[in-house]
Amino acid sequence: MRALFSRIPISTATSLFSSPAKPLAPSPSLVPLRLVRRFAAMAAAAAEEFVKGRVFPNGVAVITLDRPKALNAMNLEMDLRYKAFLDDWETNPNVKCVLVESSSSRAFSAGMDIKGVAAEIQKDKSGDVKRLANDCTMPEIIEVFTAEYSLICKIHEYAKPYLCLMDGVTMGFGIGLSGHGRYRIITERTLMAMPENAIGLFPDVGFAYIGAKAPGGGAIGAYLGMTGKRISSPADALFIGLGTHYVPSGDLGSLKESLLSTNFTADPHKDVESLLAGYKKEPESVPQLEKLLPVIISSFGADKSAAESVEELNKCSQSGDTEVAEWANDALAGLKKGAPFSLCLTQKHFSGVASSHGNSENHLSKLAGVMKLEYRIALRSSVRDDFVEGVRAVLVDKDQNPKWNPATLEDVNMDKVESIFEPLGADAELNV
């Protein structure tokens, strides 16, 4: 299947803002149906190789992501196959728990198959990014986001023990697959980030929900989401709740063997927790994010606009505390990589979710509510010109010099940002 974002039609942006529920007219450029079916069959066959499932005699069901050359980047067919396993095992009384792993120590999952965009564009001699982006139909992008976000909600609500071995690169949708599960095992090789602002999108997959539950009233989530900062310290991953257990990578094999030899009782969660307690270790370092929490809150608190965050960081960069000054300069560098519109959008979204945390009457206090809102944001932000430009600058030409529109935070029209959050219409919303 063609990579997700090489299919997004810029021309559909107007319909998303005005009458999103209105059916789109068929494109005259669609390939013959027989070719579509053939291509879909080939993609499904590839997904069988990339997402493998097996149930062991003692009741442990294992999903293995096996697309190492792409760092287990997920496409639509992989999403659907992954969810099909979970659906089947959820009602299978012989399945006691689910373990998700990677066939490679390099990555758990690098997220959505964004690199496919570059490959598709490079096949085109004209190099016309926008023309390729227009060569698609909106129903395809709807299908992909529906599959992704439905899978995230399934994982979050899964009743049986769900364990992820987050060894290696775990970014974007990789965090979506793991960060909402019950047992999140990290190692010294775990590398996490949400870098979507740098390509003109926004940090989705419910990361705002994870951030809202972290220390600092959502400030750490906003900081990581807006700057794209990478988390490589087990102590930091545990501190913000991205991980639940730290297990050295050298012990993962033994952990899996022990799980596969467990005789499960009537309480599989208790069995898993007892097993993990014997393998988890304390990180050798203290969490840097905890030490920096006061300045993170003052710079990225829910009451701070994107422009105010920059202003506060500029003040921190002049601090006599070298560690604070270095942190501020690093954060400013991260913000400069992001599209100004995306930064404002991210700030508004994360602030709204953080402010709703703990208020059961607010729909954003629940992951399903967050994913419904992110569905609106994703459909609309993915058809903006900033995304096309971000792909060009980061993945195609690789000049790392995107020409964002608007070009500065001061030029962002907040009314347009607000419109991204508007309802799609009763028949067009995500059904989770």
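Mentor: The axes of helix H9 (residues 219–227) and helix H17 (residues 340–356) come within 10 Å and cross at roughly 160 degrees. This is a predicted model, where local features need pLDDT of at least 70, side-chain atom pairs count only at pLDDT 80 or more, and totals for chains, interfaces and linings use all residues. Residues are numbered from 1 along each chain as its sequence is written, and side-chain values use heavy atoms, with hydrogens and water left out. Helices are DSSP runs of H or I with at least four residues, numbered from the N terminus. Axes are lines fitted to C-alpha atoms, for helices over the stretch in contact, and angles run from 0 to 180 degrees between N-to-C directions. H9 and H17 are therefore roughly antiparallel to each other, a term for angles over 145 degrees. Their crossing is right-handed, that is, the near helix is turned clockwise from the far one by less than a right angle.

Contact means heavy atoms within 4.5 Å. On the H9 side Gly221, Ala222, Gly225 and Met226 take part, and they meet Leu343, Thr346, Gln347 and Phe350 of H17. By class, the contact of H9 with H17 has 4 nonpolar, 4 polar and no charged residues. Here Ala, Val, Leu, Ile, Met, Phe, Trp, Tyr, Cys and Pro count as nonpolar, Asp, Glu, Lys and Arg as charged, and the others, Gly among them, as polar.

For another pair, take H15 (residues 306–316) and H16 (residues 322–337), which pack at about 145 degrees with their axes 8 Å apart. The contact of H15 with H16 has 10 nonpolar, 1 polar and no charged residues.

Conventions
Helices (H or I, at least four residues) and strands (E, at least two) are DSSP runs, numbered from the N terminus. Angles under 35 degrees count as roughly parallel, over 145 as roughly antiparallel, 65 to 115 as roughly perpendicular and the rest as oblique.
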